[in-house]
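Here are some notes for someone opening this entry for the first time.

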Amino acid sequence: MRVVVYILLIVSLVVLHTTLLPYVSVWDVKPDVGLVAVCFVGLLAGELEGLLVGLALGWAMSLFSAGDLAVNLAVKGGAGFLAGLAGRHMAQVTPVVLVSGLLVASTVGGLVTLWAAKLSEQQHAWWALQTIIVPQACFDAVIGGIGYWLIWTRFQLDRMAMEPEL
């Protein structure tokens, strides 16, 4: 059952990312909903499922974007794995911890993307940091905070990894 849910999540996120998000951008900065979703999967289901969903989502999103395949795989898979590790070793994840973690994960993902990209002479690393990486990290943290608030106030979910498989 989880595999079907993850496949539906990946397909819906790719469709959302390619069709709706270009119209939701704020100052030409779009949130990385895939990174936020992978962090939630890792946090709720554990590091292995976060890693696998992150790898699959990174691969699927790189098919429909101009991004580098290895960078998307590494960033999303690593974020899901680290979110799963954080969820396993922390007694309770508060909204401040989640928003801070998303801010750091998105910033690191942006820096990895910047490191892998070939910038032109007009584009400098400082320019990319100021205009793309930090605003996108803040946007991702806000989206993640809203998602956290919606999930935990509406559904009262506990960590799914602790529940036995049915």
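1. Helices here are DSSP runs of H or I with at least four residues, numbered from the N terminus. By that count, L85 belongs to helix 5, which covers residues 69-89.

2. The model is predicted. The protein chain has a mean pLDDT of 81, and 90% of its residues reach 70 or more. Confidence is highest in helix 4 (residues 47-63), with a mean of 89, and lowest in helix 2 (residues 21-24), with a mean of 78.

3. L43 is 42 residues away along the chain, yet the two C-alpha atoms are 7.8 Å apart in space. L43 is in helix 3, and is one of the residues there that meet helix 6.

4. How do helix 3 and helix 6 pack? Helix 3 (residues 33-45) and helix 6 (residues 95-116) have axes 11 Å apart, at an angle of about 130°. The pair is therefore oblique. Their crossing is right-handed.

5. On the helix 3 side, the contact is made by L35, V36, C39, F40 and L43; on the helix 6 side, by L98, L102, A105 and S106. Sorted by class, these are 8 nonpolar residues and 1 polar residue, with no charged ones.

Note on methods:
Residues numbered from 1 in each chain as written. Predicted model: local features only at pLDDT ≥ 70, side-chain atom pairs only at ≥ 80, totals over all residues. Heavy atoms only, no water. Helix = DSSP H or I, 4+ residues; strand = E, 2+ residues; numbered from the N terminus. pLDDT = per-residue confidence, 0-100. Axes fitted to C-alpha atoms, helices over the stretch in contact; angles between N-to-C directions. Parallel < 35°, antiparallel > 145°, perpendicular 65-115°, else oblique. Left-handed = near helix turned anticlockwise from the far one by under 90°. Contact = heavy atoms within 4.5 Å. Nonpolar A, V, L, I, M, F, W, Y, C, P; charged D, E, K, R; others polar.
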